[in-house]
Structures are given as C-alpha cells and as structure tokens.
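Subject: Structure for you to look at

Dear colleague,

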Amino acid sequence: MKKFNKPFLLMILTVLLSIALVACASEPDESASSDSDGDSGSSEGQAGGDLVVAVLSDAVALDPTGVNDVPSFDVQFNIFEKLVWQDENMELQPGLAESWEAIDETTWEFKLQEGVKFHDGSDFNAEVVKANIERIQNPDVSAPTAYLVDMISEVQIVDDYTVCFITEYPFGGLPAHLGHPVASMVSLEQIEEDYAAMEDGAEPGSVINEHPIGTGYFKFEEWSPGQHVKLVKNEDYWNGEAKLDSVTFKVVKEDLTRIAELETGDSHVSNPLSPSDLERVEGTEGLYASRTDSVSLDYIGFNVNQEPFNDIRVRKAISMAIDKEQILEGIYNGVGLPAKGPLPPTVFGYDDGIEGIEYDPKKAKELLAEAGYEDGFSTTIWTNDSRERIDMATNVQAQLDEFGIDIEVEVFEWGAYLEEIGNGEHDMFVLGWSNATADADNGLYPLFHSDNHGPPGNRTFIDNPELDELIENGRTAQDEEERLGIYKEAQELLVEESPMIYMLHQEYLLGVSEKVKDLVQLPTKYLYLKDAYIEE
C-alpha cells in the first residue's frame with residue numbers, strides 16, 4: 001500500500017414487455033459486430049491471431065457469483081454466456097435463450113437454445129438454468145450481486161428447454177437483470193463439484209475459479225494471478241466460432257508501460273487508455289484510440305458512519321469545496337460529462353432537471369464552521385492504483401487543504417481495495433459504478449439501499465428509510481411515469497443527502513493497434529471479442 005501525504009433513452013423497464021416480445025419473434029442480427037450470438041463468419045484471408053490485452057487490474061475471481069467488479073466480469077464475459085445480453089446500444093438480444101415472454105405479471109417464460117454444450121461437453125438445459133439461479137440466491141455462496149435475482153421466488157422447469165421464473169412481485173426488468181454477468185451459466189457438473197468442495201471446507205467458487213467452464217466462444221486455459229489470464233478459441237462453439245485463436249488479459253499496471261507495449265507490438269490493446277495518453281496514441285502511426293460512451297458514474301464516496309462524515313453539513317461542504325471542472329479538464333482532458341447526481345444521462349430514470357451541488361467555496365466554509373469544523377480536520381481518502389483516481393485523490397487533497405482539511409491519500413491494489421472498502425473502515429474513497437442494465441434500479445438499489453452495505457455496492461453505508469422506500473417503490477411500480485417520478489424524488493434526495501460527490505460520467509478509452517479489427521467495447525466497459533481478429 002502506497003501513501004501520499006498532503007503538500008445512455010436506452011432501456012425502459014416498463015416497456016420491456018414489448019421489447020421482449022419483439023425479441024422473441026426475431027433472430028439475432030447476424031451482421032452486427034457486437035452480436036454475441038450471431039455467426040458473422042470469418043472472411044477469407046482474415047487472420048485469427050493471439051490477442052494480448054494489457055489491463056490495469058487482474059481479475060479478482062472467475063466465478064460469476066464471486067465478484068462485483070469490471071476487471072473480473074470483462075474476462076468472464078468471453079467465457080460464459082447468459083440467457084440474454086445487452087448489445088452496443090444496451091438493447092436486449094437473445095443469448096442462451098432464443099425467446100422470452102411475460103405470461104402474467106409475475107411469470108416469465110424463457111425458451112432455451114437447444115444443442116448447446118459446455119466446455120466440458122455437458123448439456124445446457126433448463127436444469128442448468130435452475131441450478132445457476134438457485135446458486136446465486138444461496139446464502140452460503142454469498143454472491144455480492146444476488147440482489148439482481150432476489151425477486152425470483154421460484155424457477156420452474158417446464159421441459160428440457162423451457163423454464164419459467166416466478167417473481168415475488170411484478171418486475172418488468174427481469175430479462176435485463178438476467179443479462180448481468182452474475183447470471184452467467186456455469187456447467188452443472190462444475191456447480192455440483194464446487195458444492196462438494198464447500199462441504200469439505202473450501203470457499204464458495206474455489207473449483208470454478210480454478211478452471212471456469214461456460215458455453216462461450218472462448219475457453220479458459222490458464223490464470224497466473226497478478227500476471228495474466230489466457231483464453232483459447234472454443235472450436236465447438238454452438239453459434240459460430242470466434243476468429244481469434246486466443247486472447248490474453250495481461251496485467252500491466254503502469255499506464256506508460258501499456259502504451260510502450262502497444263508501440264512495440266508486445267500488446268495489441270491498452271485497457272484502459274488514460275486520457276492523458278490520448279494524444280500520444282492518436283499521434284502514433286499504427287495505433288488508434290477507441291472511444292465508447294458509458295453507463296458509468298465516477299464518484300468520491302463518504303463513509304457516512306465515520307466522523308465527521310456522519311454530519312450532512314460536512315458532506316455538503318466538501319461537495320461544494322471541490323471544483324469538479326478542474327478535475328474533469330485537468331485530469332480527464334475533458335473526456336466525459338460532469339455528473340449532477342448518481343445516474344448518467346444514458347440510463348432510464350435519469351432526471352435532466354436535477355440540480356447538482358455547485359462549486360461554492362464561500363458556502364462550503366460557512367457549512368464547515370456551522371458543523372464545528374471552522375479550522376478543518378484530518379482524514380484519509382482511499383483509492384486503487386488507477387492513475388486518474390490517484391490524481392483525483394491528490395487533487396482533492398490539494399483543494400481541501402485550503403479549507404484546513406488535512407487528507408492522507410492511501411493507494412491499494414485492486415483486489416485488496418475492494419475488500420477494504422467493503423469492510424467499512426475507510427473515510428473517503430474514489431470509485432466508479434458501471435450500470436450493466438442501463439436502468440435506474442441498478443444505479444440506485446445496489447449503491448444506496450441499506451440492504452446492500454459493503455461488497456454489493458453501498459460502500460458509503462448510507463441508511464435512509466425514505467430513500468429505501470423510494471428505491472423499493474421504483475422496483476415494483478409498473479407505470480412508466482410513476483417510475484420516473486419516483487426516481488426523480490430519489491435523485492433529489494441523494495443530492496441533498498450527499499453520500500458521495502458525483503464527479504463524472506466517463507467516455508471509455510482504449511489504445512488499439514490498427515492490426516486489430518472488429519474490436520468492440522460495450523457501454524458497460526466489457527470487451528466483446530468474438531468477432532475481433534488480428535490482420536497481419
């Protein structure tokens with residue numbers, strides 16, 4: 001641990017029924033480069049190749065139920081498949097389910113693809129779906145994102161390739177939730193083996209982490225923690241094999257080293273590309289920068305259980321004391337949008353009339369004095385080893401110094417960071433959230449509902465009964481306008497409560513070799529690699 005001391009409208013859940021019914025009657029768009037279930041076929045003369053993606057952070061786990069972070073999901077996305085998935089426009093597409101429909105308000109029927117095999121040769125069927133969903137819900141497994149399927153009260157097997165989900169209450173967003181990485185389908189044989197290991201005292205997911213088995217277009221080959229994860233082409237993929245022979249997610253922590261590897265050809269992709277290095281990549285022959293709009297929020301959180309952040313006046317004062325424009329322009333080179341609240345404009349439920357907290361140093365000083373901190377206080381701000389996040393933390397450190405607030409910056413490796421801030425011992429912290437369903441529910445429920453303190457997402461540990469009720473009402477409301485009204489209230493309350501400083505909505509950047517063709521990064525930040533290839 002290093003220390004530095006001071007000196008997208010996308011998807012509307014209430015109309016998901018109509019979307020779902022259209023999807024039931026349609027085949028995947030085979031011409032779309034981002035269609036994970038369409039076989040676009042390899043063109044003659046196209047090379048396959050061994051793609052090397054230089055990544056900042058290693059996966060934390062390869063078991064979909066074991067984590068809640070993008071670096072892990074990014075690898076898993078290309079090993080496992082889900083019943084449905086979201087494309088480049090965050091629209092639902094058929095995956096391991098060929099169609100789905102709402103039978104009534106609390107029953108969804110999914111028709112499954114037939115003839116699909118897992119990497120171990122076992123069959124994908126309704127029994128597998130039931131086992132996977134029940135595993136996510138199993139408290140002994142303790143999936144941090146189990147909240148995404150907690151409304152499912154029963155999984156009914158109709159026949160080998162038909163399954164029904166019964167929900168406790170009407171929930172139109174269920175198909176979108178089943179497109180989240182946590183709902184990735186793992187081999188039934190491996191699930192049973194993992195349960196057996198748990199009975200012998202092993203941790204949940206230990207077997208799956210060692211050699212994850214999905215149905216995807218890539219198969220797991222090896223994982224050297226802290227070094228790389230390597231995947232190889234699934235020659236028996238059910239819907240047209242990938243073009244690449246292999247892909248290696250290579251951990252390269254230093255931004256400039258990732259760029260150097262791009263320039264030498266040791267790596268083909270830098271993920272991420274720092275905005276500070278954008279000009280260098282765009283000015284280098286043979287390289288280009290990929291830019292993707294996101295469904296993300298970057299924020300600075302307060303642990304509202306820790307003094308002085310248990311005082312709303314202090315939280316609001318610091319929100320007013322930080323010039324976000326300085327950070328957006330100076331650190332992110334203007335790449336992204338300033339955030340007013342917790343939801344990005346690309347997410348259903350976003351209120352474009354929301355008034356965020358404006359930069360107001362004078363008012364900030366008045367609030368600090370009112371709270372008894374006229375002379376400031378000492379605290380810490382934690383971050384992981386991302387250049388932008390470290391720079392953000394040190395910038396905030398410098399800005400708040402003018403208010404007498406003495407901040408120590410502490411930097412953690414990614415996996416350790418998630419564990420530490422999940423434990424709730426921090427004061428302030430820098431983090432982000434990628435909304436994998438593009439709906440307000442997944443931008444509010446995990447981050448702010450009191451049921452989700454810690455690893456599920458609520459690392460500010462806010463516990464507000466009024467906010468909980470609004471979020472719950474938003475989950476169950478069926479009328480679109482009613483939901484929008486509820487989420488408007490929730491966003492206004494979250495601005496007032498200020499459990500975090502809503503900093504920006506990123507534009508995702510990748511540095512890419514021009515030899516790499518048809519590479520797609522989704523708005524969720526995951527790399528879709530089925531159609532990618534290297535042209536020599």
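What follows is a short account of what was found, taken one region at a time.

Please bear in mind throughout that this is a predicted model.

I begin with helix α15, which spans residues 465-476. With 12 residues, α15 reaches 17 Å from its first C-alpha to its last, close to the 16 Å expected at 1.5 Å a residue. Its buried residues are L467, D468, L470, I471, G474 and R475, and because these cover an arc of only 165 degrees around the axis, they fall on the same side of α15.

Turning to the aromatic side chains, the count comes to 19 aromatic pairs. In one of them, the ring centres of Y217 and F218 are 5.6 Å apart and the planes stand at 70 degrees, so this pair is edge-to-face, the cut-off for that class being over 60 degrees. Y217 and F218 are both buried, and together with W85, Y237, W238 and Y528 they form one aromatic cluster.

Among the strands, β11 (residues 246-251) is mostly covered, with 5 of its 6 residues buried. Strand β2 (residues 50-55) runs parallel to β11 and is joined to β11 by 6 bridges, with L51 standing opposite V247. Strand β10 (residues 228-233), by contrast, runs antiparallel to β11 and is joined to β11 by 5 bridges; here V232 stands opposite S246.

Lastly, E535 lies in the segment after β24 (533-534). E535 counts as partly exposed because its relative accessible area is 41%, which falls between the limits of 20% and 50%. Leaving aside neighbours within four places in sequence, E535 is in contact with K515 and K517. From D74, E535 is 461 residues away in sequence and 23 Å away in space, C-alpha to C-alpha.

With best wishes

How values were computed. Residues are numbered from 1 along each chain as its sequence is written. This is a predicted model: local features need pLDDT of at least 70, side-chain atom pairs count only at pLDDT 80 or more; totals for chains, interfaces and linings use all residues. Side-chain values use heavy atoms; hydrogens and water are left out. Helices (H or I, at least four residues) and strands (E, at least two) are DSSP runs, numbered from the N terminus. Buried means under 20% relative accessible area, exposed over 50%, partly exposed in between (1.4 Å probe, protein chains only). Contact means heavy atoms within 4.5 Å. Two strands pair if DSSP finds at least two bridges between them. Rings of Phe, Tyr and Trp (its six-membered ring) pair if their centres lie within 6.5 Å; planes under 30 degrees apart count as stacked, over 60 as edge-to-face and the rest as tilted. The expected span of a helix is 1.5 Å times one less than its number of residues. The arc is that of the directions from the helix axis to the C-beta atoms.
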